[in-house]
Amino acid sequence: MLVRRFPRAVGSLPLLVAFVREFFAERRWDPDQAYDVDLVLEELFTNMVRHARGGTSEIEVGLAAGDGALTLRLRDEGVEPWDPSQAPAPDIGRPLHERRPGGLGLHFIRQLTRDLRFEHVDGTAIVTAVLQAPR
Amino acid sequence: MFRLDTAGEGTVRLIGRLDGEEAERALKAFAALEGSIVADCSELDYISSAGIGVILATLQRLTRAGHTFRLHPVQPRVRNVFKYAGLAQMLGIE
């Protein structure tokens with residue numbers, strides 16, 4: 001697994017994109033196929049930045065590939081137990097004037113992942129998301 | 001990096017990546033738009049939920065004022081995100 005730590009800030013997003021491109025380049029994958037990985041990673045990372053209580057100054061991100069899957073793992077140390085998977089799904093069928101943007105990030109993640117797991121072990125939140133690997 | 005360019009009367013171009021880092025700045029740019037708008041998204045390479053929030057807020061504001069807000073054309077991957085969000089039809093994307 002390729003692992004790196006990033007400052008806990010939305011300003012890290014360009015660094016995350018570069019990290020994903022580096023991972024793709026190592027495997028000679030087409031960078032045009034990175035959209036879904038970028039999206040899932042941004043949504044998970046910004047969720048941690050905005051909603052996790054406590055935490056160190058950095059969040060660890062890992063990427064791994066195998067068996068046709070791409071696995072994303074985020075580790076956030078020193079945070080309170082936190083499981084966004086319990087949040088209700090957004091009602092995307094509501095009329096326009098009643099629509100709110102909240103909850104869409106997790107909704108997108110669920111659309112794009114084969115497997116999604118939230119754990120909290122010894123003060124560390126670990127999120128593992130599995131996507132289809134590019135072909 | 002995200003950019004909103006005026007392309008003519010009632011037409012703008014959205015360029016680059018509309019993500020969580022760019023959303024706040026983008027919202028200020030969209031707030032200056034008035035009247036019915038068609039946004040050319042052929043060079044919009046990426047949008048996340050933060051960017052969708054900006055587009056939703058703009059659509060709601062312009063619709064309340066009696067105007068329309070349409071996105072055309074839109075790249076396939078970006079279009080998928082609008083579909084996931086249940087906004088494709090409201091924005092004239094199909």
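Biologist: A:Glu119 lies in strand E4 (residues 115-121) of chain A. Why does A:Glu119 count as exposed?

Modeller: This is a predicted model, so the count is computed from predicted positions. A:Glu119 has 12 C-beta neighbours inside 10 Å. A residue is exposed if 12 or fewer other C-beta atoms lie within that distance. The value therefore meets the cut-off, and A:Glu119 is called exposed.

Biologist: What separates the C-alpha atoms of A:Glu119 and A:Pro81?

Modeller: A distance of 8.4 Å separates those C-alpha atoms. Along the chain, A:Glu119 and A:Pro81 are 38 residues apart.

Biologist: What makes E4(A) and strand E5 (residues 124-132) of chain A a pair?

Modeller: The pairing rule asks for at least two bridges. E4(A) and E5(A) have seven, in the antiparallel sense, so they pair. One bridge joins A:His120 to A:Ala125 in E5(A).

Biologist: What is the strand order in the sheet of chain A?

Modeller: The order is E1-E2-E3-E5-E4. These five strands form an open sheet with antiparallel pairing.

Biologist: Why are strand E1 (2-7) and E4 of chain A called edge strands?

Modeller: Each of them pairs on one side only. From one strand to the next, the twist averages 15°.

Biologist: Which strands does H2(A) touch where it packs on the sheet?

Modeller: H2(A) touches strand E2 (58-66), strand E3 (69-77) and E5 of chain A. The direction of H2(A) makes about 15° with that of E3(A).

Biologist: Now the whole of chain A. What is its make-up?

Modeller: Chain A has three helices and five strands. From the N terminus they run β-α-α-β-β-α-β-β.

Biologist: What makes chain A as compact as a globular protein of that length?

Modeller: Its radius of gyration is 15 Å. The globule rule gives 14 Å for 135 residues. The two values are close, so chain A is as compact as a globular protein of that length. Along the principal axes, its C-alpha atoms fill a box of roughly 45 × 35 × 30 Å. Buried residues are 30% of the 135.

Biologist: And chain B: which elements does it have?

Modeller: Chain B has three helices and four strands. Read along the sequence, the pattern is β-β-α-β-α-β-α.

Biologist: Why is chain B called as compact as a globular protein of that length?

Modeller: The globule rule gives 12 Å for 94 residues, and the radius of gyration of chain B is 12 Å. The value is close to the rule, so the label holds. Its C-alpha trace spans about 30 × 25 × 20 Å along the principal axes. Of its 94 residues, 40% are buried.

Biologist: What is the pairing in the sheet of chain B?

Modeller: The pairing is mixed, in an open sheet ordered E1-E2-E3-E4. Strand E1 (2-8) and strand E4 (69-74) of chain B are its edges, since each pairs on one side only.

Biologist: How many bridges join E1(B) to strand E2 (residues 11-18) of chain B?

Modeller: Six bridges join these antiparallel strands. The cut-off is at least two, so E1(B) and E2(B) pair. B:Leu4 stands opposite B:Leu14, and B:Thr6 opposite B:Val12.

Biologist: What do E1(B) and E2(B) form?

Modeller: They form a hairpin with two residues between the strands. B:Gly10 in the turn has a positive phi of about 70°.

Biologist: How many residues of chain B are in contact with chain A?

Modeller: There are 18, and they meet 21 residues of chain A. Helix H2 (49-64) and helix H3 (76-84) of chain B each give two or more residues to that side. The largest share, seven residues, comes from H2(B). By class, the side of chain B that touches chain A has eight nonpolar, seven polar and three charged residues.

Biologist: Which residues have the most contacts inside the largest nonpolar core?

Modeller: They are A:Val40, A:Leu41, A:Leu44, B:Leu18 and B:Ile52, in a core of 57 residues. Helix H2 (residues 35-51) of chain A gives the largest share, eight residues.

Biologist: What is B:Ile52 in contact with, leaving aside its neighbours within four places in sequence?

Modeller: In chain A, B:Ile52 contacts A:Pro101 and A:Leu104. In chain B, its partners are B:Ile47, B:Val81, B:Ala85 and B:Leu87. In soluble globular proteins, nonpolar side chains tend to be buried together.

Definitions and conventions: Residues numbered from 1 in each chain as written. Chains lettered and ligands numbered in written order. Predicted model: local features only at pLDDT ≥ 70, side-chain atom pairs only at ≥ 80, totals over all residues. Rg over C-alpha atoms; globule rule 2.2 N^0.38 Å. Buried ≥ 20, exposed ≤ 12 C-beta atoms within 10 Å, placed from the backbone. Contact = placed C-beta atoms within 7 Å. Nonpolar A, V, L, I, M, F, W, Y, C, P; charged D, E, K, R; others polar. Core = buried A, V, L, I, M, F, W, Y, C linked by C-beta atoms within 7 Å. Axes fitted to C-alpha atoms, helices over the stretch in contact; angles between N-to-C directions.
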